[in-house]
Amino acid sequence: MDFSLHLVAAFDLTTLPQQLVNGLLNGAIYALIALGYTMVYGVLKLINFAHGEVFMLGAYGALFVSWYLGYRPDGASPPASYLTLILMLLGSMLVCTVAAFFIERFAYRPMRSQPRIASLITAIGLSLLLQYSAQIFLLNGTPQTIQAGKLSPFVGNVTLNLRGPDQAKLDEAEKLKPSMTAAAAAFKARLPLEKGEFDLSPEGKKLQEEMRVAERKYNEAVNAGTAHAVKIAIPKGQVVLFVTTIFLMAMLTYLVMFTKQGRAMRAVSHDFNAASLMGINIDNVIVFTFLLGSALAGAGAMMYCTFIPGTKIDAFTGLTPGVKAFTAAVLGGIGNIPGAVLGGLVMGVAEYVVVWAGYDSYRDAIAFVILIIVLLFHPGGLLGSSKVEKV
């Protein structure tokens, strides 16, 4: 048996497309969060380690909006609607935007003129402060689930048939069906009705063998006709999640590349002092960048907690997605918007390929393995550039 046959025997290749799609859906969430990291770093050269906690606050915002609309876990919920999900999305983005405003104004702005280590320590301290404050003041740290996720109008799956069945083989199976049925009927007619035992006479054994041969040929034809049929089932909610994520990313790209505010952001990112001398209000650009990146994290939080089954909301909800999104931003090239998107998608796909291969316990570790390998050969990330910084 050659290597390819060993590979097919070890892994079920028909399930790989489903896992790749799942990885892309999960990676879109990482990409949405990673954009906040990469935008802030691109403008301020600062790693906002509190970004994962902003994500967590957005999840609570979506939860409280769903409760206000009647989707409480302790009672009957009204029928879900598209308006419900839109209000939850806007509520989550609003909470993250307000939180980002205060974080930038009272935590990061006083640290701009200080050494980078001071900003780094501030970011880490702020992250811990938000975690433990949420654990104490938000529902006493009791995990919650957004009930609207189960009552979403996006119920059911979208099924994609990548490669349909072999109709010629199925037609052949249909032609064999009468002979199989006849052989079975002839054999059963030989059964003694009184005892219910098989007829062991030579003629009975012959009919039994004919029935088995006919049944085997029929099953072989059916299996051959459906062997290459690959179906992918995607929950409708995750389809909406992915489409919404792509739409938000496209709007961000348009804003950064084709608007006046976007040109100001790129100018500040390129040269802080030169942009100030050209009349750009640095403070406004920085605040806008913080608010925009955090609003995207809020959108990701609402969709993550609503459409990903079994997601629990607590004070540490943003920890794992935040770390993975930061890793995705570095993987793609910190400060590079397309790189953040690419890094998030690579992270998501890599996780599900590992799960498909049967190494579930390595799911969280594989992203860091990929990151180390990429940075060894390309320190700037997949789409980033390596720069020499003089000191």
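A residue is buried under 20% relative accessible area, exposed over 50% and partly exposed in between (1.4 Å probe, protein chains only). By that scale Phe 49 is partly exposed, with a relative accessible area of 26%. The structure is a predicted model, in which local features need pLDDT of at least 70, side-chain atom pairs count only at pLDDT 80 or more, and totals for chains, interfaces and linings use all residues. Residues are numbered from 1 along each chain as its sequence is written, and side-chain values use heavy atoms, without hydrogens and water.

**Aromatic pairs**
- The whole structure holds 11 aromatic pairs (Phe, Tyr or six-membered Trp rings with centres within 6.5 Å; planes under 30 degrees apart are stacked, over 60 edge-to-face, the rest tilted).
- Phe 49 and Phe 326 form a tilted pair, because their ring centres are 5.5 Å apart and their planes stand at 55°.
- Phe 49 lies in the loop between α2 (16-44) and α3 (51-68) and Phe 326 in helix α12 (residues 319-332), so the pair ties together parts 277 residues apart in sequence (helices are DSSP runs of H or I, at least four residues, numbered from the N terminus).
- Phe 326 is also partly exposed, at 22% relative accessibility.
- Tyr 37 joins Phe 49 and Phe 326 in a cluster linked by ring pairs.

**Charges over rings**
- The charged end of Arg 363 sits over the ring of Tyr 352, 4.8 Å from its centre (CZ of Arg or NZ of Lys within 6 Å of the ring centre and within 35 degrees of the ring normal).
- Arg 105 lies over the face of Phe 106, 5.6 Å from the ring centre.

How values were computed:
Helices (H or I, at least four residues) and strands (E, at least two) are DSSP runs, numbered from the N terminus.
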